[in-house]
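Please open the model in your viewer and keep the selection tool at hand. The tour moves from one selection to the next.

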Amino acid sequence: MKTQLQTLSRSAQIERKTKETDVRVHLNLDGNGRARVSTGISFLDHMLELFARHGLFDLEIECRGDLEIDDHHSVEDIAISLGRAFKEALGDKAGIARYGEATVPMDEALCRAVVDLSGRFFLVYEVETRRHTIGNFSVELAEHFWRSFAEAARCNLHIDALRGRNTHHILEGTFKATARALRQAVERDARIVGVLSTKGVL
């Protein structure tokens with residue numbers, strides 16, 4: 001028998017429209033890992049699809065952006081919208097584990113992500129890569145993606161590539177590790193009354 005806490009819906013829909021992008025995100029934290037993603041940036045689509053799968057989040061993302069200029073605006077606004085969706089879906093964060101950690105191997109690469117859904121933004125990103133682009137995705141924007149996400153979600157996020165040589169493997173490992181860390185952090189525990197903080201708020 002499900003408790004009232006378990007039956008509460010945790011989903012959000014975010015729309016963000018600027019002169020540079022038109023982004024729509026729908027997120028269900030208690031999904032099965034289904035994803036429908038169309039951003040115009042094939043590698044980012046791949047990363048977001050595996051993010052949803054490994055986090056067990058149902059995720060729909062659609063973005064129409066000024067890719068004729070470059071991919072910066074689209075990557076940034078998708079990350080902001082996804083972060084806002086997490087923040088909205090979590091609501092007052094009652095009953096959640098709050099912290100999550102995952103280490104994921106991807107062939108020669110080993111990546112770790114640690115998250116605290118604290119209501120405070122901070123990003124540490126220690127990831128060295130060799131390639132500058134993968135398809136039409138600028139590799140330097142991976143850090144900017146997670147910075148924009150963490151700031152919008154209001155969380156502490158630490159991402160480390162502990163080892164690795166292949167840039168695709170490294171970035172895939174970081175997305176999978178972050179998804180699994182977030183999956184752990186958003187899990188609900190019936191033993192937690194209110195929020196997991198002596199302050200009484202997150």
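By class, the residues lining the largest pocket comprise 5 nonpolar, 3 polar and 3 charged; Ala, Val, Leu, Ile, Met, Phe, Trp, Tyr, Cys and Pro count as nonpolar, Asp, Glu, Lys and Arg as charged, and the others, Gly among them, as polar. Select Tyr125, Val127, Thr129, Arg131, His132, Ser138, Val139, Glu140, Ala142, Glu143 and Leu171 to display this lining. A pocket is an open set of points on a 1 Å grid over the protein atoms alone, with protein on both sides within 12 Å along at least five of seven lines, and lining residues have an atom within 4 Å of a point.

This is a predicted model, in which local features need pLDDT of at least 70, side-chain atom pairs count only at pLDDT 80 or more, and totals for chains, interfaces and linings use all residues. Residues are numbered from 1 along each chain as its sequence is written, and side-chain values use heavy atoms, with hydrogens and water left out.

Next, turn to the aromatic rings. Rings of Phe, Tyr and Trp (its six-membered ring) pair if their centres lie within 6.5 Å; planes under 30 degrees apart count as stacked, over 60 as edge-to-face and the rest as tilted. The count by this rule is 10 aromatic pairs. Select phenylalanine 51 and tryptophan 146: they form a tilted pair, 6.1 Å centre to centre with 50° between the planes. Both are buried, meaning under 20% relative accessible area with a 1.4 Å probe, protein chains only. Then select phenylalanine 145 and phenylalanine 175, a tilted pair at 5.5 Å centre to centre and 40° between the planes. Finally, select Phe51, Phe57, Phe86, Phe145, Trp146, Phe149 and Phe175, which form one aromatic cluster.

Technical notes:
Buried < 20%, exposed > 50% of the residue type's maximum accessible area, 1.4 Å probe, protein only. 1 Å grid on protein atoms, 1.4 Å probe; cavity = no way out; pocket = protein on both sides within 12 Å on 5 of 7 lines; lining within 4 Å.
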